Amino acid sequence: MIEDDLDYVLDDQIGFLLRLASQRHSVIFQKNVVGKLTATQFATLMRISEHGEVSQNHLGRLAAMDVATIKGVVDRLKAKGLVQTRANPRDKRRMSISLSDAGHQMIGDLKRAGHEISALTLAPLSADESQTLVSLLKKIS
């Protein structure tokens with residue numbers, strides 16, 4: 001069989017479907033997020049909330065961002081007054097990042113918004129389908 005004869009239906013391809021789902025989720029996220037945060041800023045704040053004070057390098061790994069990206073995200077969150085940085089007491093070359101008072105105060109609202117965003121994203125699915133989708137996405141991530 002010649003490659004040109006292979007059936008390839010874009011609408012059935014995982015990458016295309018993931019992109020469409022991601023675009024839909026992004027629209028829902030932007031409409032419902034608290035504090036005009038980006039998805040990367042939201043993820044960063046949630047990881048700091050989960051782990052407490054963390055190094056910038058470790059935070060990048062936790063939030064699945066490279067060094068340059070996490071630095072920019074932290075800089076923008078710092079400018080918004082949501083995080084604070086300080087030299088790591090054990091290694092002055094490293095920065096430790098934690099939530100500021102304003103960041104701590106925002107976490108409850110972010111969690112509620114996050115639950116709502118997830119619910120709206122998964123709304124077309126049954127509860128069992130939602131659970132299965134999340135489980136399968138974790139498996140391929």
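**View A. Alanine 64 in the loop between helix 3 and helix 4.** Alanine 64 is exposed, with a relative accessible area of 70%; exposed means over 50%, buried under 20% and partly exposed in between (1.4 Å probe, protein chains only). Its phi is positive, near 60°, although alanine 64 is a residue other than glycine. Most residues other than glycine have a negative phi. The model is predicted: local features need pLDDT of at least 70, side-chain atom pairs count only at pLDDT 80 or more, and totals for chains, interfaces and linings use all residues. Residues are numbered from 1 along each chain as its sequence is written, and side-chain values use heavy atoms, with hydrogens and water left out.

**View B. Lysine 36 in the loop between helix 1 and helix 2.** Lysine 36 is not a glycine, yet has a positive phi of about 50°. With 75% relative accessibility, lysine 36 counts as exposed.

**View C. The crossing of helix 1 (residues 14-32) and helix 5 (residues 101-122).** Helices (H or I, at least four residues) and strands (E, at least two) are DSSP runs, numbered from the N terminus. The two axes come within 9 Å and cross at roughly 145°; axes are lines fitted to C-alpha atoms, for helices over the stretch in contact, and angles run from 0 to 180 degrees between N-to-C directions. Helix 1 contributes Arg24, His25, Ile28, Phe29 and Asn32 to the contact, and helix 5 contributes Ala113, Glu116, Ile117, Leu120 and Thr121. Contact means heavy atoms within 4.5 Å.

**View D. The largest nonpolar core, with 25 residues.** Such a core is a set of buried Ala, Val, Leu, Ile, Met, Phe, Trp, Tyr and Cys residues joined through side-chain atoms within 4.5 Å. Leu37, Leu45, Leu59, Leu77, Val83 and Leu110 touch the most other members. At least two residues of this core come from each of helix 1, helix 2 (39-51), helix 3 (56-62), helix 4 (67-79), strand 3 (95-99) and helix 5. Apart from neighbours within four places in sequence, leucine 77 contacts Leu37, Gln41, Thr44, Leu45, Leu82 and Val83.

**View E. An open sheet of 3 strands in the order 1-3-2, with antiparallel pairing.** Strand 1 (54-55) and strand 2 (83-87) are the edge strands, each pairing on one side only; two strands pair if DSSP finds at least two bridges between them. Strand 1 and strand 3 are joined by 2 bridges, and valine 54 stands opposite isoleucine 97 in strand 3. Helix 2 packs on the sheet, touching strand 1, strand 2 and strand 3, and its direction makes about 95° with that of strand 3.
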